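Try each task before you read the solution.

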Amino acid sequence: MSPVFILGNDARRTRGRDAQSSNITAGKAVADAVRTTLGPRGMDKMLVDATGNVVVTNDGVTILEEMDVEHPAAKMLVDVARTQEDEVGDGTTTAAVLAGNLLARAEELLDSDVHPTTVVEGYAAARDIALDALSTLALDAELDDDLLARVAATSMTGKGTGDGSADRLADLVVAAVRHVADGDRVRRDDVRVHTLAGASAGATELVEGVLTEKSPVREDMPRDVSDATVAVLDAKLDTRETSASVEYNITSAGQLNAALDAEDAELREYARRLADAGVDVLFCTKKVDSRAAAYLADEDIATFANVKTSDATAIASATGAVALGDVRDIDPDDLGYAASVRVETYGDDDLTFVEGGRDAESVTLLVRGSTEHVAAELERALGDALDVVAVALDGDGVVPGAGCTEIVLADAIREGAPGIDGRAQLAAEAFADALDVLPRTLAENTGMDSIDALVDLRAANETGRAGIVTDGETGTLADPVEAGVLDPVAVKRDALESATEAATMVVRIDDIIAAN
Ligand code: ADP
Ligand code: MG
């Protein structure tokens with residue numbers, strides 16, 4: 001009988017242990033790529049893309065996304081970091097390092113003939129023990145501003161805030177989140193971050209409202225409007241004819257003039273209609289015809305052209321305006337309100353602040369950094385800090401950081417492991433070993449002897465509470481709570497869940513069929 005071919009000619013197929021090994025190696029490589037960036041003394045990476053753009057960062061998910069990973073199993077680990085970023089906003093390095101080490105331990109287990117299904121079972125059991133232990137570790141302290149500021153500062157350490165501005169930034173982050181919180185419900189989307197290079201991080205400020213890096217299209221338009229009726233136009237402000245690019249057949253100067261007059265009248269009409277509707281300020285996401293601008297200036301309407309869509313959306317949601325698709329559709333119901341719209345000059349740039357919007361109490365962190373790179377890294381750091389404060393308030397509080405929680409969880413797993421049947425017990429113990437890698441890495445990155453540090457850390461947590469706390473240059477064994485190193489429960493929980501999920505998914509694969 002002739003063989004049956006079910007795959008295309010070019011398909012490559014890898015099976016059994018070879019398939020597992022290739023996937024595990026790829027996963028471990030991803031974890032190794034971010035390992036040195038973990039913690040306050042973690043190093044930065046410089047990523048250069050094909051067009052020469054440079055990103056300097058310490059942020060796990062940013063590194064993994066910029067790395068252009070090709071291997072499918074490695075991509076699963078990148079997804080772990082991305083999910084972590086989307087769900088809780090921090091702990092991306094932790095999640096990737098944990099997933100990579102779960103894979104490394106799984107390989108050892110597979111080598112000693114533990115079946116993949118048993119590994120999966122043991123990992124799931126260990127994760128459940130860890131999740132239970134995690135909820136008992138949550139501090140029962142009140143989540144006051146001081147404590148939340150410590151949470152914010154913990155997430156920012158090592159991320160471009162080394163110039164002494166960390167405490168102030170942490171306070172601003174807490175103030176921003178408090179501003180948009182109703183009890184423990186946080187409207188995180190109402191906090192925006194806007195970066196502007198050209199000043200040091202210490203000049204970062206919290207603005208009550210939203211802003212756009214634009215000024216009115218003409219000098220003779222108002223630059224400071226209070227009690228403003230606001231319109232947002234998501235289209236260009238131009239004549240109907242030119243927007244449809246109709247060609248005129250002009251045969252005489254008189255005809256040309258008539259055509260121009262008609263256009264003029266149309267533009268004047270738009271300005272009048274906006275004025276009649278009571279509009280004081282117009283934000284337009286596209287260009288505004290210069291003749292239209294002149295008529296708008298006559299009507300005293302401060303007009304902004306080419307406003308970024310994200311800014312326009314934020315302005316609309318803060319002021320309660322509905323973005324118009326066409327200036328002819330103007331309807332009083334679609335107009336928003338702001339207590340003040342005001343232009344201010346920052347160095348070479350004009351910024352317009354929209355404050356006191358009718359609908360949302362939006363706030364903006366105006367992030368300053370000496371250069372674009374510094375400002376961009378600060379923006380990521382502040383984004384993480386806003387997220388952790390929001391999830392700490394919103395979720396289940398905070399746990400001690402600096403590797404303390406991981407050590408205690410690993411311990412809980414080792415204690416519970418004998419209750420797990422058969423060889424899955426070995427896998428649970430391997431899970432505990434994988435967790436140990438996090439405090440060990442923190443120790444390594446601070447230049448401590450990692451084996452000694454781990455032994456001491458375990459001993460210290462038998463009787464009390466300790467982590468590898470870094471203060472400036474050196475790491476020491478100390479109580480993270482006293483040192484103010486705190487991470488949200490939700491960040492640790494998500495890291496445990498998503499790392500386990502990704503690792504077990506990779507372990508289960510024993511057949512790779514790749515189309516060419
Ligand atoms: P991730 O992407 O996982 O958030 P980070 O590089 O932000 O990675 O490092 C997070 C870890 O660093 C957390 O476990 C946190 O508790 C720890 N950490 C933060 N600040 C300190 C500090 N001052 N001393 C020791 N550990 C710290
Ligand atoms: Mg972090």
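This is a predicted model: local features need pLDDT of at least 70, side-chain atom pairs count only at pLDDT 80 or more; totals for chains, interfaces and linings use all residues.

Residues are numbered from 1 along each chain as its sequence is written, chains are lettered from A and ligands numbered from 1 in the order written, and side-chain values use heavy atoms, without hydrogens and water.

**Exercise 1.** Find which residues Leu 435 touches beyond its neighbours within four places in sequence.

*Solution.* Take contact as heavy atoms within 4.5 Å. Leu 435 then meets Leu 98, Glu 406, Leu 409, Ala 410, Ile 413 and Leu 496.

**Exercise 2.** Work out where the largest pocket lies relative to the domains.

*Solution.* Start with the lining (residues with an atom within 4 Å of a pocket point; a pocket is an open set of points on a 1 Å grid over the protein atoms alone where a 1.4 Å probe fits, with protein on both sides within 12 Å along at least five of seven lines). It counts 45 residues, with Gly 39, Pro 40, Thr 154, Thr 157 and Gly 158 nearest the centre. Next, check the domains, whose bounds come from an automatic or database assignment. Domain 1 (11-138 + 398-515) and domain 2 (155-197 + 363-395) both contribute, so the pocket sits between them.

**Exercise 3.** Sort the lining of the second largest pocket by class.

*Solution.* Count Ala, Val, Leu, Ile, Met, Phe, Trp, Tyr, Cys and Pro as nonpolar, Asp, Glu, Lys and Arg as charged, and the others, Gly among them, as polar. That gives 2 nonpolar, 2 polar and 11 charged. Closest to the centre are Glu 85, Glu 379, Arg 380, Gly 383 and Asp 384.
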